[in-house]
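User: Hi! I'd like to talk through where the ligand goes in this protein. Can you walk me through it?
Analyst: Happy to, let's bring it up.
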Amino acid sequence: MNMDEVRAKCESCRKCALCETRHNCVFGTGCESAKLMFVGEAPGEQEDLSGIPFVGRAGKLLDAYLTAVGIERDEVYIANILKCRPPKNRDPLPEEQDACMPYLRDQVRIIRPRFIVCLGRIAAMRLIKPDYKISQEHGVWVKRGEFEMTAFFHPSALLRDPCKKGDMLTDMKTLAAKLNEI
Ligand code: URA
């Protein structure tokens, strides 16, 4: 399947109850040959309304970090573990993640990025390891097959706790340097 076919399948998905409450499926955006992929948790309100990931307050903050380190948003690919918004932004349930993961796997298979950065604990626990400790392990890169992976603080966590912003900038600068090396 190509990306348009995966997107079409995702947009008509009814594998979990979130399809009942979504306004839009938030499939993912960006460059299909991106070297870098960001994976967040799940769409929030603005994303659900627009169908585009990371466009709300957290997304604006992510954009600011990308700009600060010289990465263009349209040179990367941005997606989430869940493609539909959980009610009141609650944490994704394990069964929702299980239902939705095949779409993300297809996206990764098609894009074949060199770097995958999980945004926040939920994505890191799903993609890196179940006991991931974001406070201790953010910015630590691990090699997984053909990918290098890490997790950064979720931009929403930075909005709640601005003390984390210095660490985020350091992690983003390391990422930009890695991208510039290839
Ligand atoms: N938070 C996420 O994890 N993903 C989005 O797309 C928006 C907010």
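User: To start, how much space lies in the largest pocket?
Analyst: About 700 Å³. Keep in mind that this is a predicted model.
User: Thanks! Which residues are closest to the centre of that pocket?
Analyst: Glu 41, Ala 58, His 154, Ser 156 and Arg 160, out of 26 residues that line the largest pocket.
User: And which elements give two or more residues to the lining?
Analyst: Four helices do: H3 (45-50), H4 (57-69), H6 (121-127) and H8 (155-160). H8 gives the most, with four residues.
User: What's the lining like by class?
Analyst: The largest pocket is lined by 10 nonpolar, eight polar and eight charged residues.
User: OK, on to the ligand. Where does the ligand sit?
Analyst: In that largest pocket. Around the ligand you'll find Gly 40, Glu 41, Ala 42, Glu 47, Pro 53, Phe 54, Asn 80 and His 154. By class, that shell has three nonpolar, three polar and two charged residues.
User: Which side chain has an N or O atom 2.8 Å from a ligand nitrogen?
Analyst: That's the side chain of Asn 80.
User: What about backbone atoms, which residues come in there?
Analyst: Ala 42 has a polar backbone atom 3.0 Å from a nitrogen atom of the ligand. For Phe 54, a polar backbone atom lies 3.0 Å from a ligand oxygen.
User: Nice. And how much of the ligand does the protein bury?
Analyst: The protein buries 92% of the 230 Å² that the ligand exposes when taken alone.

Key:
Residues are numbered from 1 along each chain as its sequence is written. This is a predicted model: local features need pLDDT of at least 70, side-chain atom pairs count only at pLDDT 80 or more; totals for chains, interfaces and linings use all residues. Side-chain values use heavy atoms; hydrogens and water are left out. A residue is near a molecule or strand if one of its heavy atoms lies within 4 Å of it. A polar contact is a pair of N or O atoms within 3.5 Å; within protein, one must be able to donate a hydrogen and the other to accept it, and residues adjacent in sequence count only if both atoms are side-chain atoms. Accessible areas come from the Shrake-Rupley method with a 1.4 Å probe; for residues, only the protein chains shown count as cover. On a 1 Å grid over the protein atoms alone, a cavity is a set of points where a 1.4 Å probe fits but cannot get out, and a pocket is an open set with protein on both sides within 12 Å along at least five of seven lines; lining residues have an atom within 4 Å of a point. A molecule sits in a cavity or pocket if more than half of its atoms lie within 2 Å of its grid points. Ala, Val, Leu, Ile, Met, Phe, Trp, Tyr, Cys and Pro count as nonpolar, Asp, Glu, Lys and Arg as charged, and the others, Gly among them, as polar. Grid points are joined across faces, edges and corners, and a volume is the space filled by probe spheres set on the points.
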